[in-house]
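Colleague: Please walk me through this one. I'll ask as I go.

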Amino acid sequence: MHGGPGASPADALRRIAAGVQQIDIGVLLFIGIDVSMRDGTLLTANVYCPAPPGEAAGGALPVVLERTPYGRASARFHDFGLAAARAGYVFMIQDVRGRGDSGGRFHMMTNVPDEGVDGIDTWNWLLAQPWCDGRLATVGGSFSAANQQAMALHRPAGLRAQVLRDAGTNYRQRMFRYHGAFNVGVALPWAIEHGLQSPQARDDAGVRDALTAMRERSAQWADELPLRRGQSALASAPDYEDVYFAMLETADDTSYWHNPTVRLEGRWDDYPDDVAVLMVSGWFAHHANANLDKLRELGRRLKQPVRLVMGPWVHSPAMLEATSAGEAEFGPAAGQHGPIHAAWLAWLDRFVLGHENGAGDEPALRYFVMGLGDGHKTAEGRVFHGGQWRESAEWPLPSTLATPYYLHADGRLGIDRPSVGAAPLGYRYDPADPCPGIGASSLQSETFPAFVLPGPRDQRCRPTLTACRGSDRPLAERADVLVFQTEPLAQDCEVTGPLSVRLWVASSAPDTDFTAKLLDIYPPSADFPDGVALLLSEGILRMRYRDDRATGELIEPGREYAVTVELNPTSNVFKAGHRIRLDISSSSFPEYDLNPNTGEAPGAHTHTQVATQTLFVDGLRASHIVLPLQPISAEGISA
């Protein structure tokens, strides 16, 4: 029953809350409201309510729901709760199963019931409350966006709008694993940070101390990999140790990876077609490709608008506001969608409250084209890469000219096909001396700066980065990095679209990896005498999972294979005088785990061996990157 006479929302909430706070004259916060799931597990929430409540419809109000593993009392949830209540919504922020004060067990990939079931149970409880008017919106980022997607698959009655900040569609293919490789740079810090927020750490000082000590030793992690079960502080939080090792050891596409929370892919037709979806992602975010997939798949199915804002951002709660990432500054324009709360609420106001505020009227994709800056060094030491916003109704852009740029034996990268007789190139990949990974789609913060570095970065070692082992030399000088670059460009060149690298390769090993990195090469300047080799995008492929195999299949040593390495998409103008560069190697450590080259089971290798890698660059086996080129007008913008 919704909207009937009776007690106000505040009165009704007061009776079921553990505590209440008057935040200000306009908002009441109700703390510790327990909601029972179908299996009897109690999930705990806080609720923000307008005070005094609205009079329309007997005081019943629309509900905005966020379900989080990150602690419902955090400042960013509190700030949004205030903003939502002031805008006329009831906002519920709920600890998911096994997190915060909620009961049950949290296991990320294999929660039973899954997050969608808990979400629909929570919504059914809300529907029964006299202060809920039957209209629902869901919001949140990362895991809070993934569980929104899982909940939507149940087609909840009254769901009008969603805001999804950077959630994936297939966490095996493009997140915790990436085309076979294990994403240590995300998974290990994730396990430790979440372990510190777990019930075990909350209730046991010994667990907190052990995990805190491990976090503070992040500079040593690279030297201690691979971890083994029971041999690190993660063992003091068994649930989180098990999550980490289950992701490490489960490389095949088994049922483990098909929980609806982490596998929207393949379930497109189950999504409700009457919900308006706003997505936010970034060129350096975990889920850039996934969000573009959602834009296409949901956009062609849903009756309501599906929109994506793609900025120059890493995976972070600051998306929409951030103006820099890594070592690149993009200028104030990059953050023009902020403040975040206002942008989110504008979407809800349009599709929940029906306000004609223009939200959703814009083209499907709003994207930031990077690289239009002058390259000066900012006060923070970043390179001013710059850029501007553009819009498109389609992705890839209709103007895209997919152009192969071929790898040549002399290190050139160009549109001319190599000669038929060109000799292959080779290098040795030694897991004992891996190529460091510096930047790209790693963590959302610099909490572990000696371990991994997020965002666009100059591809030069730093002595402070453990994987560099004290070196300060450019990665291009390593013997296990093959460098291919254009001549300095005579005019600006815009690359906007999906990126893939087609390689013809062979290896002496039964399994190995190949990596590819796209860079914007700045020429030397007064601010940067050595220039800047700015990483824009990267990808990795584990050979046993070539061609998107669901089950690993070892390769035949010495045999030639044609493989595709998928990179994150990008939008970047390579300015006149710059070079476009592609680096090929076999490791990006410790962002991704080392392939031992032995063919042993994932996470259980007993030794490593050196692999001799061969890259074919002749006219018949013409390895290349496909660049999505865009026309540029005389004014230097996309024509």
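Modeller: Start with H179, which lies in the loop between strand 8 and strand 9 (181-182). Strands here are DSSP runs of E, at least two residues, and helices are runs of H or I, at least four, both numbered from the N terminus.

Colleague: What is phi of H179 near?

Modeller: Phi is near 45 degrees, a positive value in a residue other than glycine. Before we go on: this is a predicted model, where local features need pLDDT of at least 70 and side-chain atom pairs count only at pLDDT 80 or more, while totals for chains, interfaces and linings use all residues. Residues are numbered from 1 along each chain as its sequence is written, and side-chain values use heavy atoms, with hydrogens and water left out.

Colleague: Is H179 buried or exposed?

Modeller: H179 counts as buried, at 10% relative accessibility. Buried means under 20% relative accessible area, exposed means over 50%, and partly exposed is in between (1.4 Å probe, protein chains only).

Colleague: Which other residue has a positive phi although it is not a glycine?

Modeller: R155, with a phi of about 50 degrees. R155 sits in the loop between helix 4 and strand 7 (159-165). R155 is partly exposed, at 44% relative accessible area.

Colleague: Next, cysteines. How many disulfides does the structure hold?

Modeller: One. A disulfide here is a pair of cysteine sulfur atoms within 2.5 Å. C461 and C468 form it, their sulfurs 2.4 Å apart. The link of C461 and C468 is left-handed, with -90 degrees about the S-S bond. Both cysteines, C461 and C468, are buried.

Colleague: On to the core. How many residues are in the largest nonpolar one?

Modeller: 184 residues. A nonpolar core is a set of buried Ala, Val, Leu, Ile, Met, Phe, Trp, Tyr and Cys residues joined through side-chain atoms within 4.5 Å. Those with the most contacts inside the largest core include F176, L188 and Y244. Helix 5 (residues 184-196) gives the most to this core, with eight residues. A second, separate core of eight residues includes I438, L453, C461 and L475.

Colleague: What does L188 contact, leaving aside neighbours within four places in sequence?

Modeller: M214, W221, L225, L227, L234, Y244 and F451. Contact means heavy atoms within 4.5 Å.

Colleague: Last topic, helix 10. How many of the 12 residues of helix 10 are buried?

Modeller: 10 of the 12, so helix 10 is largely enclosed by the rest of the structure. Among the buried ones are N289, D293 and K294. The buried residues of helix 10 pack against several elements, including helix 4 (143-152), strand 8 (177-178) and strand 24 (561-574).
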